[in-house]
Amino acid sequence: MARRKAAGTPSLRVLFATSEIAPWVKTGGLGDVASALPAALAAQGHGVRVLVPGYPALLAAFPDRMRIASIGHIAGAMLPADLSSVRLDNGVTLLLLECPGYYERLGGPYQDRTGQDWPDNVLRFGLLSKAAALLASTASPLDWRPQVLHCNDWQTALAPAYLHYRLQPVAASVVTIHNLAFRGLFPHAAIASLDLPPESFVIDGVEFHGHLSFLKAGLQFGDRITTVSPTYAREICEHIHGFGLDGLLRHRHTVLSGILNGVDPVEWNPATDTLIDRNYNLDTLDAKATNKAGLRKRLGLLADASAPVLGMVSRMTHQKGCDLVIAAAEPLLEQGAQFAVLGSGESLMEEAWRKLAERHPGAVGVRIGFDESLAHMVEAGSDVFLMPSRFEPCGLNQMYSLAYGTPPVVRATGGLADTVVDLTGPTRKDGSANGFTFRDATAPALLQSVQRAIDAWRDAPLWREIQRNGMARDFSWRHAVQPYVDLYRQLTGA
Ligand code: ADP
């Protein structure tokens with residue numbers, strides 16, 4: 001991506017703190033955002049450094065990284081760490097927080113290989129938060145000083161509390177909620193090992209119903225709070241979606257805003273995607289059929305011209321409404337639909353999908369696990385994408401499916417409501433219809449919406465219109481980055 005600086009405006013210095021970053025360490029949307037948003041900022045000429053733990057995948061990817069500082073003097077019970085640096089081709093600098101005792105483990109960033117949370121997560125992400133705060137303070141060991149510290153989710157949300165209680169900030173802080181469900185809750189006793197003062201454990205501090213909450217701390221002390229879609233920003237202020245933090249969010253509503261995520265224009269573009277069988281664009285949609293055939297082959301689905309393929313790539317959880325799809329599956333199969341499902345999560349849901357695939361060989365293809373290239377093939381090869389989330393802060397998969405000409409069926413909540421326009425008479429007429437939405441989180445409501453989608457799919461000219469409407473809208477970070485730049489400028493007075 002060519003780099004350019006907006007004429008006449010000074011570039012910004014941003015420290016982006018994150019617990020995952022694609023393609024090296026990713027469990028969900030945060031990993032994608034942590035990779036693409038800094039890249040989009042760098043492409044505009046801003047100076048962006050991304051602080052991330054030195055997980056094995058990152059250390060292996062960058063053997064030539066440079067050690068630039070030691071941050072061994074961090075107090076509390078946390079282990080000392082080193083900071084190393086590597087500059088990516090896209091202009092972003094990665095700052096790896098190297099602490100072998102915390103981050104060099106086999107397993108995921110938050111859990112071991114059996115799905116259990118690492119027992120020392122409080123210290124692992126306490127260290128990450130403290131390091132982020134340190135680099136945004138007068139005590140930083142680096143000459144480079146950010147103007148904005150951008151924290152993401154609970155794993156880095158304790159940083160503003162350190163800036164409040166322990167350090168002199170040089171940067172304004174932004175805390176972005178990618179998913180309010182994960183509040184980073186730990187026992188009260190942890191505050192001593194984290195080097196937080198006893199007086200921080202109050203309702204106006206880091207305390208949350210008798211526990212320490214990393215996310216609450218960020219929402220309390222962050223200069224600005226953002227979440228990843230305008231609708232979710234409104235929803236989290238309501239009791240039903242607030243996870244007990246809605247009162248605080250209502251209190252801080254003047255500094256809360258919703259900024260829709262973007263899509264990585266390089267990784268998720270059907271015209272250039274290297275992980276799909278055949279590239280295509282808005283004018284060559286017939287080529288999508290090659291991907292449908294390839295997807296069927298990979299998942300053991302029968303070639304049947306009359307069968308729509310319903311795709312899903314998702315964490316298999318209650319949040320994602322995976323159970324609703326399972327409950328609606330049999331009637332859809334009876335109508336001749338096929339399923340292409342990729343995901344992992346709650347064992348009961350994984351088991352239900354396995355059983356469904358056993359009962360319907362050739363019609364239900366399921367891959368339990370995390371598989372980046374199959375995820376791209378599901379987006380490119382399915383006819384319809386399913387995303388019936390009970391709540392959805394932003395959701396990336398529905399944007400990928402729009403970009404890939406695979407109209408989504410979604411529940412109208414959060415970022416899904418902000419991106420998917422239901423097919424109705426008026427939306428067809430004004431050219432905005434790009435998918436199908438429903439309101440109630442029930443299997444019959446989902447079923448009805450999928451049936452509407454299948455009916456539309458059987459009407460080829462109508463289907464092309466819906467596909468093209470989705471593909472024509474630019475969801476890329478090239479556009480989505482601007483509200484962040486505006487926010488940073490407001491904060492720095494630049
Ligand atoms: P969330 O972050 O809540 O899981 P998003 O839709 O925002 O949901 O982002 C999910 C991201 O993770 C997408 O990039 C999606 O393709 C990817 N993903 C989820 N499950 C899998 C999987 N089993 N294999 C590959 N990619 C997956």
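Start with the aromatic residues of this predicted model: there are 16 aromatic pairs.

**Stop 1: Y55 and Y103.** Select these two tyrosines. Their rings form an edge-to-face pair, 6.0 Å centre to centre with 75 degrees between the planes. Y55 is in the loop between β2 and α2 (56-61), while Y103 belongs to helix α3 (residues 100-103), so the contact ties together parts that are 48 residues apart in sequence. Both Y55 and Y103 are buried.

**Stop 2: F125 and W154.** Select these next. The ring centres of F125 and W154 are 5.4 Å apart and the planes stand at 80 degrees; because angles over 60 count as edge-to-face, this pair is edge-to-face. F125 sits in helix α4 and W154 in helix α5 (residues 153-156), so this pair ties together parts that are 29 residues apart in sequence. Both F125 and W154 are buried.

**Stop 3: R105 and W118.** Show both side chains. The charged end of R105 sits over the ring of W118, 4.8 Å from the ring centre.

**Stop 4: helix α4.** Switch to a cartoon view and colour residues 121-135, which make up helix α4. Which strands does helix α4 lie across? They are β1 (13-17), β2 (47-53), β4 (82-87), β5 (93-98) and β6 (148-152). Relative to β2, the helix runs at about 155 degrees.

**Stop 5: the sheet.** Hide the helices and follow the strands across. The nine strands form an open sheet with mixed pairing, in the order β3-β4-β5-β2-β1-β6-β7-β11-β12. At the edges are β3 (66-70) and β12 (256-258), each of which pairs on one side only. From one strand to the next, the twist averages 25 degrees.

**Stop 6: β11 and β12.** Zoom in on the β12 edge of the sheet. Strand β11 (residues 224-227) pairs with β12 in the parallel sense, over three bridges. Select I225 to find L256 of β12 opposite.

**Stop 7: S85.** Finish in strand β4, where S85 lies. Is S85 buried or exposed? Its relative accessibility is 19%, and the limit for buried is under 20%, so S85 counts as buried. Display the surrounding side chains: leaving aside residues up to four places away in sequence, S85 touches R65, M66, I68, T93, L94 and L95.

Notes:
Residues numbered from 1 in each chain as written. Predicted model: local features only at pLDDT ≥ 70, side-chain atom pairs only at ≥ 80, totals over all residues. Heavy atoms only, no water. Pairing = 2+ DSSP bridges. Helix = DSSP H or I, 4+ residues; strand = E, 2+ residues; numbered from the N terminus. Axes fitted to C-alpha atoms, helices over the stretch in contact; angles between N-to-C directions. Contact = heavy atoms within 4.5 Å. Phe/Tyr/Trp six-rings, centres within 6.5 Å; stacked < 30°, edge-to-face > 60°. Buried < 20%, exposed > 50% of the residue type's maximum accessible area, 1.4 Å probe, protein only. Lys NZ or Arg CZ within 6 Å of the ring centre and 35° of its normal.
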